Amino acid sequence: SVTSKELAVKPLAEDWSEFEITAPQGAFVATLEAWQQGAPISIVAYGGQRRDDSRIFSTGYMLNMVVLEPTIEVKEVVAMWQNCRLPDDNILRNESNIEILIPGDAKSAERSCLRVFAVGEDVRFNDIRIPLQYGKVVSDAKQLTRHDRESQVLYSLMIDRFFDGKAENNQPLNSPDVLPQADYQGGDLVGITQKIKDGFFSDLGISTIWISPITQNPRDAWGLNENPRTKFSGYHGYWPIYTTVVDDRFGTEEELRELLATAHEKGMNVVLDYVANHLHINSPVLQAHPDWVTPLMLPDGRKNLSLWDEQRLTTWFDEHIPTLDLERQEVVEPMTDSAMYWVKNFDFDGFRHDACKHIPLNYWRMLTKKMRQQLPDRQLWQIGETYGSPELIGSYVRSGMIDAQFDFNVYHTSLDVLTRDHSVRRLASVVEESLSAYGDHHTMGNITGNHDKGRLISLAGGTLDPDEDHKLA
């Protein structure tokens, strides 16, 4: 059912698993009431332009009430608790503020959430999200846990380059055509566990550790860089040979389980970097199914290599890592099962997905559906990697797909402001653009660097120059 006569809803699938909403022009807020597994839920439909002067703030709370203050007059308000719309009687409107009554049912929930959506005459306000603990407002950061996704602080690490905790599994190629910098350095799962126990992450305030891919990579060198001339080992983990095997240079399944258990004991999540776009050319899967890949040669005779935007869903990263044709059912089914292996057999808290924009949407829908159907009691979080416009990045961030992506537009603008003396107003504008595109309480990743990008600390310290090619360096 629909709470506003201005909305028109029609199914795109017989079971209403997909539907289309036709909304009015201008600012509006309404809800669609539905049933899911025997329980009612409300879906917010929210529209209108954002303006700098249309803000709403939570300014105080009492035992069973939250006080909000808007900057301009509010026309309509919708309050939600745990994805259910609260009765209008729970919303008290005064001349200068809005008071939201916390429902009594919240007292029985250890952690729940109150959300408020409001619109003015021709604008929409930022949404409000207030976490509750047994019905009381969470007002102290010490009450937050690793399960509070919006408060996550991530640490990105490449296993081989982090810390060597077990010399016995060190297996560098020691090949004359591989420079030492491009060879294995010895970092492993035991090293990460040791640093968790030592308090390294806790001292930094980290709540989520993002580890690089752990699947088995080749035992020889591939790729080629001309200046300096070198091939590369698979130290980074992005050339999977076996998608459900822990690379023995990083450790064992038992050591992985110990890492996860230790992190959880210390109040930290661990998300796994997972590669779905491609397999290494020597993978037994590709040898058994050579037709599972997209064509290397284009109709015009060019090789389909590194055409990131022109051939976004088919381009190969390199000739030794063919892109999988994941639009085909016989390919996407087993490849999503391979991803599921890691969350079904190990206590990971979710995924960081590699090359997200190069993988068709049906993969993300199928994987997320499997995660929610097969592991309904697990709080799994997924964040992807996409370079592009907010429209492209946001097209993957849906309730039926992934939870978030890294916001590289904010990253690049931040570097320009901090290292090139660009105006902070530009950063404010890009941040506002992201809030408008993804919502005010998204879990998008706002980063200071990663394994593909120069890190802010390297620029601040002078190791990198803002004008050089950071990846080449």
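A hairpin of two residues links β5 to β6. Strands here are DSSP runs of E with at least two residues, numbered from the N terminus. The model is predicted: local features need pLDDT of at least 70, side-chain atom pairs count only at pLDDT 80 or more, and totals for chains, interfaces and linings use all residues. Residues are numbered from 1 along each chain as its sequence is written, and side-chain values use heavy atoms, with hydrogens and water left out.

Start with the two strands that the hairpin joins. β5 pairs with β6, residues 65-70, in the antiparallel sense. Six bridges connect β5 and β6. Two strands count as paired if DSSP finds at least two bridges between them. Ile56 has Pro70 of β6 as its bridge partner. Phe57 stands opposite Glu69 in β6.

Now move on from β6. Its next link is to β10, residues 98-101, through four bridges. β6 and β10 also run antiparallel. Here Met65 stands opposite Leu101 of β10.

What is the order of the strands in the open sheet? The order is β5-β6-β10-β9, four strands with antiparallel pairing. The edge strands are β5 (56-62) and β9 (91-93), and each pairs on one side only. From one strand to the next, the twist averages 25°. Such angles run from 0 to 180 degrees between N-to-C directions, with axes as lines fitted to C-alpha atoms. Strands of a sheet pair through backbone hydrogen bonds, either parallel or antiparallel.
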